[in-house]
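Thanks for making the time.

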Amino acid sequence: MIHVRGLARRFQTRRATVDAVRGVDLDVAAGEIVGFLGPNGAGKTTTLRMLTTLLEPSAGSAEVAGHDLRREPAAVRRRIGYVAQGGGCSPQGRVREELVLQARLHRLDRDRARRRVDELMDRFALGDLADRTTATLSGGQRRRLDLAIGLVHDPAVLFLDEPTAALDPQSRAHVWDHVRALNADHHATVFLTTHYLDEADALCDRVLVIDHGRIVAAGTPAELKRQVSGDVVEVAGPRLAALAEIAGRLRGARDVATTADSVRFRVPRGDTALPELMRALDQASVPLTSVQVHHPTLDDVFLAVTGRSLRDDAPEATRAA
Amino acid sequence: MPRDTLLVFRHTIGPVLRSPVTIVISMVHPVLYLVLFGPLLENLVRVPGATNSWQVFAPGILVQLALFTGGFAGFALLPDLRAGVVERMRVTPVSRTALLLGRVLRDVVVTMVQAVLLLAAAAVLGMRAPVAGLALGLLLAAVLSGALSAASYTMALSLPNEYQFAPVVQSLTLPLMLLSGVLLPMALAPDWLRVVSWFNPLSYAVDAERALFLGDYAATDVLVGVLVVVVVFGFTVVWGTRSYRRRNA
């Protein structure tokens, strides 16, 4: 549904040349939910703006929803939906009018526009808000309207830029539900950017990690986590030294560390290492009081592939567009 | 394209219809000139062919109205740019020219409502002019305000920061107004000032409006003024469409 080769974007400012995106390759299959993960300024939004025809690429090629991005931008626009980070409602516009306008801009005739808007107002629980101006909506209501606007023409691909930034936890969960339902019921392809690891983890079939304008890792959330760090096993008992010694002899165990009341070590897969550990401890008659397995988060992945935590935003690239 | 233009027009005229007061607010300047400055000219200016000075002053104020309402039109785009409305529309198949023309049409309609009110006020103050001249004068002012509003939107789209818009527009509209002979005919100006005014498209519009209000339809001033205004309109629309297409690109 999306095929991108060597996509790049260079910004020329008076003082410097900024390569916001430096040659991105990516493929998204029909029906996938793919997350574009990276800190602020990594090039997420710039890539998204190129893929949605808002920004001319400096180099590279892309096919979006079956049309060449650079040669047929109008055809691409007909088949994609885009929800920007800040949405896109006129502050003075009214909920229903905004939806109808968007439907009409997408060339739906009056009747089809009305039916489609009724359907979406229903699905996104906007019925009671029809005549409210968008400036008076809460954050969660606004986001639902933004999503409905992006979906008005039943796009083949939906682009979401930071869909849950600045939302309360309950509204975030709602947005996730809507995106999942959209994907399950309507087989929509969804391409979203996020800098929330839990969001990528909870929502995406596949994650692309972008940093300094390049894709530095790609895979399912589970693959990425497995490939990068393995699981951390934490065991406790009265004889910590003996525990540490036996743990160190397990297949694939590394980074064994003894703290005041426990022993921590890494193994490629915690679930298969545990039975082996139990047997070894049993044979040596070393008592065990507790066992915990910690699965790595995408935060660990990010740290491993970029050398810094996702929360330390790169200061030099805060303004990418 | 005409369908898209109407869609954008209806969308942007909505807030104006809901609070028509906004129409009056942006015509305060020209009205003040008309009421507080116009009477000073009654005993000062004698124009051959005119029944009184209003016939010369009112057309100038009409151009001033088009300048202010059109020139400041870009202000209405700033909140929409900030809220992402423009981007949202740019990701639809809507024609880029329509994105511009729909808004320009709104400004032309608003300017015409204001112009009719303004001319009515001028009539109360004592202006007398042929009806055909008034109608043609309004038509020319409509195209002029369209050209200026297209230019104003282009600037709003092109400036890197929205807070630059107000100072830029203000520093352009004032010299455009003073150099067009809106308040007093440029015939009173010393040579160097008159030469400078030749480079101001608005001075041709003012000359044409004055000729029309005097009923002098065949005057060269009318032909030149119409040509200048139409060419400027065409230029600003092409320029504005390009900035809608290439914004940030």
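Predicted model: local features only at pLDDT ≥ 70, side-chain atom pairs only at ≥ 80, totals over all residues.

Let me start with the six-stranded sheet in chain A. This sheet is open, its pairing is mixed, and the strand order is β6-β7-β8-β3-β9-β10. On average, neighbouring strands here are turned by 15 degrees against each other, ignoring direction.

At the β10 end, the partner is β9(A), residues 206-211; β9(A) and β10(A) run antiparallel and are joined by five bridges. Within that pair, Leu208(A) faces Ala218(A) of β10(A). At the β6 end there is a helix to look at: α5 of chain A, residues 139-150, packs on the sheet and touches β6 and β7 (157-161). The direction of α5(A) makes about 160 degrees with that of β6(A).

Now the other sheet in chain A. This one is also open, with four strands in the order β12-β13-β11-β14 and antiparallel pairing. Its edge strands are β12 (254-258) and β14 (290-294) of chain A, and each of them pairs on one side only.

Glu234(A) is placed opposite Arg264(A) of β13(A). Which strands does helix α10 of chain A lie across? Helix α10(A), residues 270-283, lies across β11, β13 and β14 of chain A, and runs at about 30 degrees to β11(A).

On to chain B. An unreviewed UniProt entry places the feature "transmembrane region" at six stretches of chain B: 21-41, 61-83, 104-125, 131-153, 165-188 and 222-241. Take two of these in the model. Residues 131-153 of chain B are 100% helix, with end C-alpha atoms 33 Å apart. Residues 222-241 of chain B are likewise 100% helix, and there the end C-alpha atoms lie 28 Å apart.

Next, how the helices pack. Helix α8(B), residues 131-158, and helix α12(B) cross at roughly 30 degrees, and their axes come within 8 Å. Angles under 35 degrees count as roughly parallel, so α8(B) is roughly parallel to α12(B). The crossing is left-handed. From α8(B), the contact includes Leu140(B), Val143(B), Gly146(B), Ala147(B) and Ala150(B); from α12(B), it includes Gly225(B), Val229(B), Phe233(B), Trp239(B) and Gly240(B). Sorted by type, the residues of this contact are 14 nonpolar, seven polar and no charged.

The other pair is α11(B), residues 201-213, with α12(B), residues 220-246. Their axes are 8 Å apart and the packing angle is about 135 degrees, which makes α11(B) oblique to α12(B). This crossing, too, is left-handed. Among the residues of α11(B) that take part are Pro201(B), Tyr204(B), Asp207(B) and Leu212(B), and they belong to a contact that involves Asp221(B), Val224(B), Gly225(B) and Val232(B), among others, in α12(B). How many nonpolar, polar and charged residues does the contact of α11(B) with α12(B) have? Eleven are nonpolar, one is polar and two are charged.

That is the end of my part.

Methods
Residues numbered from 1 in each chain as written. Chains lettered and ligands numbered in written order. Heavy atoms only, no water. Pairing = 2+ DSSP bridges. Helix = DSSP H or I, 4+ residues; strand = E, 2+ residues; numbered from the N terminus. Contact = heavy atoms within 4.5 Å. Axes fitted to C-alpha atoms, helices over the stretch in contact; angles between N-to-C directions. UniProt positions renumbered as here; feature names shortened; annotations may be inferred. Parallel < 35°, antiparallel > 145°, perpendicular 65-115°, else oblique. Left-handed = near helix turned anticlockwise from the far one by under 90°. Nonpolar A, V, L, I, M, F, W, Y, C, P; charged D, E, K, R; others polar.
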